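Subject: Structure handover

Hello,

Here is the structure for you to look through. Please open it first, then read my notes below.

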Amino acid sequence: MFRPLLAGATLGDRVRAAMGGLVGIAFTAAAAWAILAGWPGMPMLVAPMGASAVLVFAVPASPLAQPWPVIGGNAVSAGVGLLAAWAIPEPALAAGAAVGGAILTMSLLRCLHPPGGAAALTVAIGGPAVKAAGLLFPLVPVALDAVLLTLAGLAFHRLSGHTYPHRPAEPAVWRAPDEEDLDRALAEMGESFDIDRADLADLFHRVAAEAARRTAEERTG
């Protein structure tokens with residue numbers, strides 16, 4: 001039940017993600033408050049930023065957590081929610097249209113970001129914060145908060161050693177195993193074989209893994 005959900009996530013990674021969320025949201029709230037101090041009634045922070053922070057700090061390599069999805073997904077979706085609320089008088093239908101329209105729009109604009117659905121729904125169902133911001137809500141505070149959170153993510157991950165925005169590593173160039181790789185693989189297995197097909201396949205995969213590791217070491221060394 002409590003096995004890791006994320007491949008490669010260590011306890012240290014999880015603690016860093018929690019600290020990132022703390023620092024990121026605190027920075028976003030403080031900076032937004034300073035910027036919006038002269039706008040009475042303007043909301044400082046919107047709830048979808050909490051979900052965005054989970055992606056930015058816990059899974060920074062995810063395509064859904066990159067800067068354009070964070071900023072574009074939230075702001076665009078809030079705009080879609082505003083349009084749905086204006087065009088559809090029935091609240092339940094407007095809420096559904098806002099979320100569905102946000103999913104479609106984000107997909108077309110290549111900024112799919114799950115918290116965007118929450119941004120669209122927040123606008124569609126309205127409330128004092130949305131009414132206070134009026135037509136500016138998709139930009140202020142939504143886009144403003146998203147930009148500030150992204151900046152916090154950039155700084156935090158640079159300090160913590162993660163690459164953000166994520167850049168996939170170049171694939172290792174595979175080459176045929178040589179005798180040294182074979183010797184290391186045999187030593188690792190610690191067995192003598194009158195080898196059959198299954199054992200040979202297993203041995204080949206181990207030899208290939210040693211070759212890939214040696215290639216990576218040579219490229220980084």
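Two notes on the source. This is a predicted model, in which local features need pLDDT of at least 70 and side-chain atom pairs count only at pLDDT 80 or more, while totals for chains, interfaces and linings use all residues. Residues are numbered from 1 along each chain as its sequence is written, and side-chain values use heavy atoms, with hydrogens and water left out.

**The whole chain**

The protein chain has nine helices and zero strands. Helices (H or I, at least four residues) and strands (E, at least two) are DSSP runs, numbered from the N terminus. The order of elements from the N terminus is α-α-α-α-α-α-α-α-α.

How many of the residues are buried? Of the 221 residues of the protein chain, 35% count as buried. Buried means under 20% relative accessible area, exposed means over 50%, and partly exposed lies in between (1.4 Å probe, protein chains only).

Contacts are heavy atoms within 4.5 Å. Take the contacts in the protein chain between residues at least 6 apart in sequence: 73% of them join residues at least 24 apart.

**How helices pack**

Two packed helices are described by the angle between their axes and the distance between the axes. Axes are lines fitted to C-alpha atoms, for helices over the stretch in contact, and angles run from 0 to 180 degrees between N-to-C directions. Angles under 35 degrees count as roughly parallel, over 145 as roughly antiparallel, 65 to 115 as roughly perpendicular and the rest as oblique. A crossing is left-handed if the near helix is turned anticlockwise from the far one by less than a right angle, and right-handed if clockwise. For residue classes, Ala, Val, Leu, Ile, Met, Phe, Trp, Tyr, Cys and Pro count as nonpolar, Asp, Glu, Lys and Arg as charged, and the others, Gly among them, as polar.

**H1 with H7**

Start with helix H1 (residues 11-35) and helix H7 (residues 138-160). Their axes come within 9 Å and cross at roughly 140 degrees. That makes H1 oblique to H7. The crossing is right-handed. From H1, the contact includes Arg16, Met19 and Gly20; from H7, it includes Leu144, Asp145 and Leu148. Eleven nonpolar, four polar and two charged residues make up the contact of H1 with H7.

**H1 with H2**

The axes of H1 and helix H2 (residues 48-58) come within 9 Å and cross at roughly 135 degrees. H1 and H2 are therefore oblique to each other. Their crossing is right-handed. Ala17, Gly20, Gly21, Gly24 and Ile25 of H1 meet Met49, Gly50, Ala53, Phe57 and Ala58 of H2. The residues of this contact divide into six nonpolar, four polar and no charged.

Which residues of H2 are buried? They are Pro48, Met49, Ser52, Ala53, Leu55, Val56 and Phe57. What covers them includes H1, helix H3 (67-87), H5 and H7.

**H3 with H7**

The axes of H3 and H7 come within 9 Å and cross at roughly 170 degrees. That makes H3 roughly antiparallel to H7. H3 passes H7 in a right-handed crossing. The contact of H3 with H7 has eleven nonpolar, three polar and no charged residues.

Alanine 75 lies in H3. Alanine 75 is buried, at 16% relative accessible area. Beyond residues up to four places away in sequence, alanine 75 touches Pro138, Val142 and Ala143.

**Backbone points to check**

A cis peptide bond joins valine 140 and proline 141, with omega about 20 degrees. Proline 141 is in H7. Another cis peptide bond joins tyrosine 164 and proline 165, with omega about 0 degrees. Proline 165 sits in the loop between H7 and helix H8 (179-189).

Arginine 110 is not a glycine, yet has a positive phi of about 60 degrees. Arginine 110 lies in the loop between helix H4 (91-108) and helix H5 (115-125). Is arginine 110 buried or exposed? Arginine 110 is exposed, with a relative accessible area of 72%.

**Back to glutamate 210**

Glutamate 210 is found in helix H9 (residues 197-220). Glutamate 210 counts as buried, at 8% relative accessibility.

Best wishes
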